[in-house]
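These are my notebook entries on a structure that I had not examined before. I set down what I looked up, entry by entry.

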Amino acid sequence: MNKAFILLSVIVFGLTLAVGAIAEEKAAAKQAKPSGMKERTIKRTATVQDVDLANRVVTLKGEKGNVFDLKVGEEAKNLPQVKVGDLVTVQYYESLAFEVTKPGQAVATGAAAGVASAKPGEKPAGIAAGQVTLTATVEAIDAKKSHVTLKGADGKTQEIKVKDPKNLVNVKVGDQVAIAYTEALAISVEPAKQKK
């Protein structure tokens with residue numbers, strides 16, 4: 001009987017802790033500031049139809065059969081490596097992330113960028129990426145219209161439509177919004193497939 005009482009006490013104590021932990025988790029969730037991220041990647045491939053080295057123009061045929069010319073800048077050092085039949089693949093990536101924080105907790109603003117390209121003699125390839133980070137202050141909130149007015153570091157304000165009204169929960173005037181926009185573009189050229 002004593003063992004059963006101890007076991008029952010342990011179970012009740014364990015349930016009490018679990019219920020307490022769940023209640024604390026729900027309370028923390030109610031107080032949490034919103035954050036989120038949207039991202040997308042687009043990939044397209046085209047086949048080289050012609051290469052005009054003198055004018056640095058490559059004629060490409062897209063996935064849907066559309067033919068178009070692409071003027072290639074001087075930064076593409078390996079253009080002579082491109083041959084008719086090669087596949088040119090372009091990938092574009094972008095993301096937008098945001099986080100609402102209490103005043104004084106947001107990240108610093110800034111911008112960063114980078115570029116890389118293929119080594120001499122290789123098929124042309126390259127990637128360029130950049131990120132802009134900024135912080136704005138919540139100046140006004142209109143929950144009925146799902147609008148928020150943000151003030152940037154330059155003192156300018158902008159009214160923004162909030163897509164998900166849940167993102168206004170726990171947001172207060174004076175809170176800061178950290179926003180990071182990232183984009184990257186990668187281009188590669190693959191040799192034409194050899195016919196067997």
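**Entry 1: Ground rules**

I note that this is a predicted model, in which local features need pLDDT of at least 70, side-chain atom pairs count only at pLDDT 80 or more, and totals for chains, interfaces and linings use all residues. Residues are numbered from 1 along each chain as its sequence is written, and side-chain values use heavy atoms, with hydrogens and water left out.

**Entry 2: Confidence**

I began with pLDDT, the predictor's confidence in each residue, on a scale from 0 to 100. The protein chain averages 82, and 81% of the residues score at least 70. I then looked up the elements; helices (H or I, at least four residues) and strands (E, at least two) are DSSP runs, numbered from the N terminus. Helix H1 has the lowest mean pLDDT, 43, while strand S2 (residues 57-61) has the highest, 95. Over residues 1-29 the pLDDT stays under 50. For that stretch the model has 1 contact (heavy atoms within 4.5 Å) beyond four places in sequence.

**Entry 3: Salt bridges**

How many salt bridges does a search of the whole structure find? I recorded 4, where a salt bridge is a side-chain nitrogen of Lys or Arg within 4 Å of a carboxyl oxygen of Asp or Glu. Side chains of opposite charge can pair when their charged atoms come close. For burial I used these limits: buried is under 20% relative accessible area, exposed is over 50%, and partly exposed is in between, with a 1.4 Å probe and protein chains only.

I looked up Asp 175 and Lys 33, whose side chains meet in a salt bridge at 2.7 Å, N to O. This pair links distant parts of the chain, 142 residues apart: Asp 175 is in the loop between strands S8 (157-161) and S9 (176-190), and Lys 33 is in the loop between helix H1 (2-31) and strand S1 (35-52). Asp 175 is buried because its relative accessibility is 3%, whereas Lys 33, at 22%, is partly exposed.

Next I turned to Glu 94 and Arg 40, which form a salt bridge with their closest N and O atoms 2.6 Å apart. Glu 94 is in strand S4 and Arg 40 in strand S1, so that distant parts of the chain, 54 residues apart, are linked. Glu 94 counts as buried at 17% relative accessibility, and Arg 40 is partly exposed at 44%.

I also recorded the salt bridge of Lys 123 with Asp 86, in which the closest N and O atoms are 2.6 Å apart. Lys 123 lies in the loop between strands S5 (110-117) and S6 (125-142), and Asp 86 in the loop between strands S3 (67-71) and S4, so the pair ties together parts 37 residues apart in sequence. Lys 123 is partly exposed, with a relative accessible area of 24%; Asp 86 is buried at 2%.

**Entry 4: Two threonines**

I found Thr 89 in strand S4 (residues 87-101). Is Thr 89 buried or exposed? Thr 89 is buried because its relative accessibility is 12%. Neighbours within four places in sequence aside, Thr 89 is in contact with Lys 43, Arg 44, Thr 45, Ala 186, Ile 187 and Ser 188.

Thr 135 is in strand S6 and is buried at 14% relative accessibility. I noted a C-alpha to C-alpha distance of 9.5 Å between Thr 135 and Val 100, which are 35 residues apart in sequence.

**Entry 5**

Strand S7 (residues 147-151) and S8 pair in the antiparallel sense over 5 bridges; two strands pair if DSSP finds at least two bridges between them. Lys 151 stands opposite Thr 157 in S8. The hairpin has 5 residues between the strands, and Gly 155 takes a positive phi near 90°. S8 is hardly covered, with 0 buried residues among its 5.

Val 148, in strand S7, is buried at 8%. The contacts of Val 148 beyond four places in sequence include Val 138, Gln 158 and Leu 168.

**Entry 6: Backbone angles**

Most residues other than glycine have a negative phi. I recorded Ser 146 with a positive phi near 55°; this residue lies in the loop between S6 and S7 and is buried at 8%. Asn 170, found in the loop between S8 and S9, has a positive phi of about 70°.
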